[in-house]
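Have a look at the model below, then read on for its pocket and its surface.

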Amino acid sequence: QNWDEIVNECINALKALRLDIAAFDVKVSKKGDFIIMESNSAPALGERGIQEYTKIIKEWIDLNI
């Protein structure tokens, strides 16, 4: 129910850490309270991770051409 709030806080954390890409471990209570437990600047390369890395790398290349 508070997915958008969690995503926004993860984006804020990403910016505060000055990272271009990261994965966040988030713990959510039954009441909906949440806490960001940690960030991973080199998350595992599962299918979704590979897609995100590919997208970011293409964006970097396009910006530098």
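The largest pocket has a lining of 19 residues, and C10, A22, A23, F24 and R48 are the ones nearest its centre. Helix α1 (3-16), strand β1 (23-28) and helix α2 (47-64) are the elements that each give two or more residues to this lining. This is a predicted model: local features need pLDDT of at least 70, side-chain atom pairs count only at pLDDT 80 or more, and totals for chains, interfaces and linings use all residues. Residues are numbered from 1 along each chain as its sequence is written, and side-chain values use heavy atoms, with hydrogens and water left out.

**The pocket**
- The largest pocket holds about 480 Å³ of space.
- A pocket here is an open set of points on a 1 Å grid over the protein atoms alone, where a 1.4 Å probe fits, with protein on both sides within 12 Å along at least five of seven lines; lining residues have an atom within 4 Å of a point.
- With 6 residues, α1 gives the most to the lining.
- By class, the lining has 15 nonpolar, 1 polar and 3 charged residues.

**The surface around W60**
- I57, W60, I61 and L63 make a nonpolar surface patch of about 420 Å².
- Such patches join nonpolar side chains within 5 Å, from residues with over 30% relative accessible area and no salt bridge.
- W60 sits in helix α2 and is partly exposed, with a relative accessible area of 39%.
- Partly exposed lies between buried (under 20%) and exposed (over 50%), using a 1.4 Å probe and protein chains only.

**D25 in its strand**
- D25 belongs to strand β1 and is partly exposed at 33% relative accessibility.

Definitions and conventions: Grid points are joined across faces, edges and corners, and a volume is the space filled by probe spheres set on the points. Helices (H or I, at least four residues) and strands (E, at least two) are DSSP runs, numbered from the N terminus. Ala, Val, Leu, Ile, Met, Phe, Trp, Tyr, Cys and Pro count as nonpolar, Asp, Glu, Lys and Arg as charged, and the others, Gly among them, as polar. Patches are made of residues with over 30% relative accessible area and no salt bridge: like charges are joined within 9 Å, nonpolar side chains (Val, Leu, Ile, Met, Phe, Trp, Tyr) within 5 Å. Accessible areas come from the Shrake-Rupley method with a 1.4 Å probe; for residues, only the protein chains shown count as cover. A salt bridge is a side-chain nitrogen of Lys or Arg within 4 Å of a carboxyl oxygen of Asp or Glu.
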